[in-house]
Amino acid sequence: MSEQIQITYELNIIPGKAEELRQIAKEMVAFNDNDEPGTLRYNVYMNEDETLFTFLETFIDSESCRFHGERFAGGLFVGQVLDRTDGGRLCIFGPVSKDFKKWATEAGFEIEYFDFIDGFIH
């Protein structure tokens, strides 16, 4: 079984803030690409009617996911994103460690966890 962790983080965009979020997303991608070797995928999307701002992320394991989470929670981007969004849904898929869950709870993240059943990646 893979140790990979996948995340979807879907946020509701405050009207009029879509363009600002696009720019912030570009800065976040560049920031994470440089210093997160355990991050396999870090994609940011916006739906056509500019109401949802969505992250699709994949990490090699729970520790890499936590490293990213700590950088996000303690960094300058979290406030910029949350100031332009109004709630959302954070889902984590895969074998997340108990240490990660404890850290995430203490950091104030509200996460829905999903256990792997079966599948494949080509």
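Student: Which element gives the most to the lining of the second largest pocket?
Tutor: This is a predicted model, in which local features need pLDDT of at least 70, side-chain atom pairs count only at pLDDT 80 or more, and totals for chains, interfaces and linings use all residues. Residues are numbered from 1 along each chain as its sequence is written, and side-chain values use heavy atoms, leaving out hydrogens and water. A pocket is an open set of points on a 1 Å grid over the protein atoms alone, with protein on both sides within 12 Å along at least five of seven lines, and lining residues have an atom within 4 Å of a point. With four residues, the largest contribution to this lining comes from E4.

Student: What volume does the second largest pocket have?
Tutor: Its lining consists of Tyr9, Leu11, Leu82, Gly87, Gly88, Arg89, Leu90, Phe109, Glu110 and Glu112. Two or more of these residues come from each of E1 and E4, where strands (E, at least two residues) and helices (H or I, at least four) are DSSP runs numbered from the N terminus. A volume is the space filled by probe spheres set on the grid points, which are joined across faces, edges and corners. For the second largest pocket this gives about 150 Å³.

Student: How many charged residues are in the lining of the second largest pocket?
Tutor: Ala, Val, Leu, Ile, Met, Phe, Trp, Tyr, Cys and Pro count as nonpolar, Asp, Glu, Lys and Arg as charged, and the others, Gly among them, as polar. By this scheme the lining has five nonpolar and two polar residues, and the number of charged residues is three.

Student: What is the volume of the largest pocket?
Tutor: Residues that line the largest pocket include Ser2, Gln4, Gln6, Phe93, Phe116 and Ile121. By class, five of the lining residues are nonpolar, five polar and one charged. The volume of the largest pocket is about 250 Å³.

Student: What is the order of the strands in the open sheet?
Tutor: The sheet has five strands with mixed pairing, where two strands pair if DSSP finds at least two bridges between them. E2 (39–46) and E5 (111–114) each pair on one side only, as edge strands. The order is E2-E3-E1-E4-E5.

Student: Do E1 and E4 run parallel or antiparallel?
Tutor: Gln6 has Phe93 in E4 as its bridge partner, and Ile7 has Ile92. Seven bridges join E1 to E4, and the direction of this pair is antiparallel.

Student: How many bridges join E4 to E5?
Tutor: Across this pair, Ile92 stands opposite Tyr113, and Leu90 stands opposite Ile111. The two strands run parallel, and the number of bridges is four.

Student: Which helix does the chain pass through between E4 and E5?
Tutor: The β-α-β crossover from E4 to E5 is right-handed, a term used if, with the strands pointing away from the viewer, the path from the first strand over the helix to the second runs clockwise. The helix concerned is H4.

Student: What volume does the largest cavity have?
Tutor: The structure holds two cavities of 30 Å³ or more, a cavity being a set of grid points where a 1.4 Å probe fits but cannot get out. Of the 16 residues that line the largest cavity, the closest to its centre are Ile7, His68, Gly69, Leu90 and Phe109. The lining divides into 13 nonpolar residues, two polar and one charged. The volume of the largest cavity is about 190 Å³.

Student: Which element supplies the largest share of the lining of the largest cavity?
Tutor: At least two lining residues come from each of E1 (5–13), E3 (52–59), H2 (62–74), E4 (85–93) and H4 (98–106). The largest share, four residues, comes from H2.

Student: What volume does the second largest cavity have?
Tutor: Its lining residues include Met28, Phe31, His68, Phe72 and Val78. H1 (18–35), H2 and H3 (77–82) each supply at least two residues of this lining, which by class has six nonpolar, three polar and one charged residues. The volume of the second largest cavity is about 60 Å³.
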